[in-house]
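Hi everyone, thanks for making time.

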Amino acid sequence: MTIKLTWYGHAAFALTIGGAHILVDPFLTGNDFAPVSADEVKANYILITHGHGDHVGDAVAIAKRTGAQCISNFEICNWLQAQGVSNVHPQHIGGGFNHPFGYLKLTIAHHGSGLPDGSYGGNPCGLLLTAEGKKIYLAADTGLFGSMRLIGEEGIDLAALPIGDNFTMGPDDALRAVKLIEPAAVIPIHYNTFEVIEQDPHAWAKRVQAETSAKPIVLEPGESYEL
Ligand code: NI
Ligand code: MN
């Protein structure tokens, strides 16, 4: 069976695995690139990497409308419950769990995680998902770190890495990350949503092509990749 991954702009993805709809960092309202709205998007699970507004996004409203289970770090799950979202599954860095859609492990990410209302959001995370015999690493917001090599040792079929600079890795460090992780394919994310993170993903893809063995995939918002 294949995994279908659709980019909703910024760091937001929809994954379809079997019959399950899994939303990642559902920042749709206020995201000019989002091809779907919060009141129509399908969700059985919502994965949230950290507390910032451009990642928590519409999670509360979508979870309340759909009953989707929210999966995030312990602190964000507590905050979601305080917002009236009852179906949560807290995890934390280094910990994995066999969900019906696959085995999800939270990884480190070097970033912040304060929630929009100022609440403590714990530590930011990346997502490492094993499903249908494939491994997907969604780095979310992070700077470059050397132990991306350890994540790469698991054998990554697809990585999504931020290239926007300013808040996360920029193109140069994201290229170094590809060299550490050695994924089969890589998708650039977290660029062009705001003025301070304007980048040319195609120029970055050319560098990936020239300097690494990874296949760069530049998605348009709403476009999908299957693996
Ligand atoms: Ni952030
Ligand atoms: Mn962000």
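So, what spacing do the donors of the nickel ion (ligand 1) follow along the chain? They follow H-x1-H-x58-H-x29-D. Before I go on, please keep in mind that this is a predicted model.

On the protein side, the nickel ion (ligand 1) has H50 through NE2, H52 through ND1, H111 through NE2 and D141 through OD as its donors. They lie 2.2 to 2.3 Å from the nickel ion. And the geometry? The site counts as irregular, with angles of 86 to 173° among the four donor atoms.

The manganese ion (ligand 2) is 3.1 Å from the nickel ion (ligand 1), and D141 coordinates both of them. Take H111 and D141 as a pair: they link distant parts of the chain, 30 residues apart. H111 is in the loop between β8 (102-108) and β9 (125-131), while D141 is in the loop between β10 (134-138) and α4 (148-152).

Buried or exposed, where does D141 fall? D141 is buried, because its relative accessibility is 2% and the cut-off for buried is under 20%. H111, on the other hand, is partly exposed, with a relative accessible area of 26%.

You'll find T6 in strand β1, residues 3-7. T6 is buried too, at 11% relative accessibility. Its side chain makes a polar contact of 2.6 Å with the side chain of S224. Leaving out residues up to four places away in sequence, T6 touches A12, F13, A14, G222, E223 and S224.

Okay, zooming out to the whole chain. We've got six helices and 14 strands. The C-alpha atoms fill a box of roughly 50 × 40 × 30 Å along the principal axes. For 227 residues, a compact globule would have a radius of gyration near 17 Å, and the 16 Å of this chain agrees with that.

A few last figures. Of the 227 residues, 55% count as buried. Looking at contacts between residues at least 6 apart in sequence, 57% join residues at least 24 apart.

Methods: Residues numbered from 1 in each chain as written. Chains lettered and ligands numbered in written order. Predicted model: local features only at pLDDT ≥ 70, side-chain atom pairs only at ≥ 80, totals over all residues. Heavy atoms only, no water. Donors = N, O, S within 2.8 Å, 3.2 Å for Na, K, Ca; no water. Tetrahedral: all angles 85-135°; square planar, octahedral: opposite > 155°, others 65-115°. Helix = DSSP H or I, 4+ residues; strand = E, 2+ residues; numbered from the N terminus. Buried < 20%, exposed > 50% of the residue type's maximum accessible area, 1.4 Å probe, protein only. Polar contact = N/O pair within 3.5 Å; in protein donor to acceptor, adjacent residues only side chain to side chain. Contact = heavy atoms within 4.5 Å. Rg over C-alpha atoms; globule rule 2.2 N^0.38 Å.
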